[in-house]
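Please keep the sequence and the model in view while reading.

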Amino acid sequence: MGVDGTEPLREPPVRGREDRAGAVVLRLGGELDLYNADEVRAALSEAIGSGARRIVIDMSDVEFVDSTALGLLIEARSQVGGDALLLAAPGTETLRTLQVSGLDRHLPVHDSVDEALAAPSS
């Protein structure tokens, strides 16, 4: 609870979008969960609909990922297929969640956005 007795507002999960080299880089942050799933889904849908050949999700500012958010990533992967959806720069806890869920075996995970953008297509 804040100093004034009110709950602090959560920051939006979508922190930015950038078009780079034919790809969309979608920067997410904070807690990705049931409460903001609609915002994340809308951003992913917009990126998918843009016609970009790749979508890179920058997870460097993500602090927490729940099963709903993991489901959104799976849903997005099924819409774009193959290696067109890449994850970049997950922190230790986020990476652990991806590993425990097995999602890291289905989505390419890279150390940085630049590395993801440079990754070869199959």
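## A bridge between two strands

In this predicted model, I55 has L85 of strand β4 as its bridge partner. That pair belongs to the pairing of β3 with β4 (residues 85-88), which is parallel and extends over 4 bridges. I55 of β3 is also the bridge partner of V24, and β2 (residues 23-32) is joined to β3 (residues 54-65) by 9 bridges, with the two strands running parallel.

## The sheet as a whole

Strands of a sheet pair through backbone hydrogen bonds, in either a parallel or an antiparallel manner. Here the sheet is open, has 5 strands in the order β1-β2-β3-β4-β5, and shows mixed pairing. The edges are taken by β1 (14-20) and β5 (109-110), each of which has a single partner strand, so one side of each is left without a neighbour in the sheet. Strand β1 runs antiparallel to β2 and is joined to it by 6 bridges, and E18 stands opposite V25 in β2.

How does the chain pass from β2 to β3? It crosses through α1, and this β-α-β crossover is right-handed. A right-handed β-α-β unit is also made by β3, α2 and β4.

The axes of helix α1 (residues 37-49) and helix α2 (residues 67-80) come within 10 Å and cross at roughly 15 degrees, which makes α1 roughly parallel to α2. Their crossing is right-handed, and the contact involves residues including V40, L44 and I48 of α1 and L72, A76 and V80 of α2. The residues of this contact divide into 7 nonpolar, 2 polar and 2 charged.

Technical notes
Residues are numbered from 1 along each chain as its sequence is written. This is a predicted model: local features need pLDDT of at least 70, side-chain atom pairs count only at pLDDT 80 or more; totals for chains, interfaces and linings use all residues. Side-chain values use heavy atoms; hydrogens and water are left out. Axes are lines fitted to C-alpha atoms, for helices over the stretch in contact, and angles run from 0 to 180 degrees between N-to-C directions. Angles under 35 degrees count as roughly parallel, over 145 as roughly antiparallel, 65 to 115 as roughly perpendicular and the rest as oblique. A crossing is left-handed if the near helix is turned anticlockwise from the far one by less than a right angle, and right-handed if clockwise. Contact means heavy atoms within 4.5 Å. Ala, Val, Leu, Ile, Met, Phe, Trp, Tyr, Cys and Pro count as nonpolar, Asp, Glu, Lys and Arg as charged, and the others, Gly among them, as polar. Two strands pair if DSSP finds at least two bridges between them. A crossover is right-handed if, with the strands pointing away from the viewer, the path from the first strand over the helix to the second runs clockwise.
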